[in-house]
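Thanks for coming, everyone. I'll take a few minutes to walk you through one structure. Have a look at it first.

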Amino acid sequence: SANRFFMGRLNRFQLVFSEATEMPIVGLGLGLGYLENILYYQVGFATAFHGDFYRMYLEFGPILFSIWLYITGKYSSINKLSLTATLLLIILLQTDNALIYNRVMFSYYFIMAYAISRDGEV
């Protein structure tokens, strides 16, 4: 089945999306850490969401998520190095909890700083 192929992520997404119904302010998200509260207290999973891209969308909301996408796109379009680093990060954000992995995020920020310093202004 598709859920088995994606290692249970589809089931987890369905549970979280069905529980995450209340938006405090239209356009803003549920708040940082809210999905982990849903998973742990309401659904009974003691694991992370395993999809940071969707997690950021739900927790930030469409407005802040769009701002994050714009800023990330602006900095990733500087040169090929920053673009490939950002594409790799987006793939990791789709499939895992990349934001909590220090080695992934520090490497990404280091590559982005190098790419920006090499090409000058943004």
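Start with the surface. Leu-28, Ile-63, Leu-64, Ile-67, Tyr-70, Ile-71 and Tyr-75 make up a nonpolar patch there. Together they have about 640 Å² of accessible area. Keep in mind that this is a predicted model.

Take one member of that patch, Ile-71. Where does Ile-71 sit? In helix 4, which covers residues 52-76.

Now a second residue of helix 4: Ser-76. Is Ser-76 buried or exposed? Its relative accessibility is 6%. The cut-off for buried is under 20%, so Ser-76 is buried. And what is Ser-76 in contact with, leaving aside neighbours within four places in sequence? Ser-82, Leu-83, Thr-86 and Met-112.

On to the pockets. The largest pocket has a volume of about 210 Å³. Its lining is made of 13 residues. Nearest the centre are Trp-68, Thr-72, Leu-89, Tyr-108 and Tyr-109. Which elements give two or more residues to this lining? Helix 4, helix 5 (80-95) and helix 6 (102-119). Which of them gives the most? Helix 4, with six residues.

So let me come back to helix 4. Helix 4 holds Ile-71, from the nonpolar patch. Ser-76, the buried residue, lies in helix 4 too. And helix 4 gives the most to the lining of the largest pocket. That's my tour. Over to you.

Notes: Residues numbered from 1 in each chain as written. Predicted model: local features only at pLDDT ≥ 70, side-chain atom pairs only at ≥ 80, totals over all residues. Heavy atoms only, no water. Patch = residues over 30% accessible without salt bridge, like charges linked within 9 Å, V, L, I, M, F, W, Y side chains within 5 Å. Areas by Shrake-Rupley, 256 points an atom, 1.4 Å probe, with all protein chains shown as cover. Salt bridge = Lys/Arg side-chain N within 4 Å of Asp/Glu carboxyl O. Helix = DSSP H or I, 4+ residues; strand = E, 2+ residues; numbered from the N terminus. Buried < 20%, exposed > 50% of the residue type's maximum accessible area, 1.4 Å probe, protein only. Contact = heavy atoms within 4.5 Å. 1 Å grid on protein atoms, 1.4 Å probe; cavity = no way out; pocket = protein on both sides within 12 Å on 5 of 7 lines; lining within 4 Å. Points joined across faces, edges and corners; volume = space filled by probe spheres on them.
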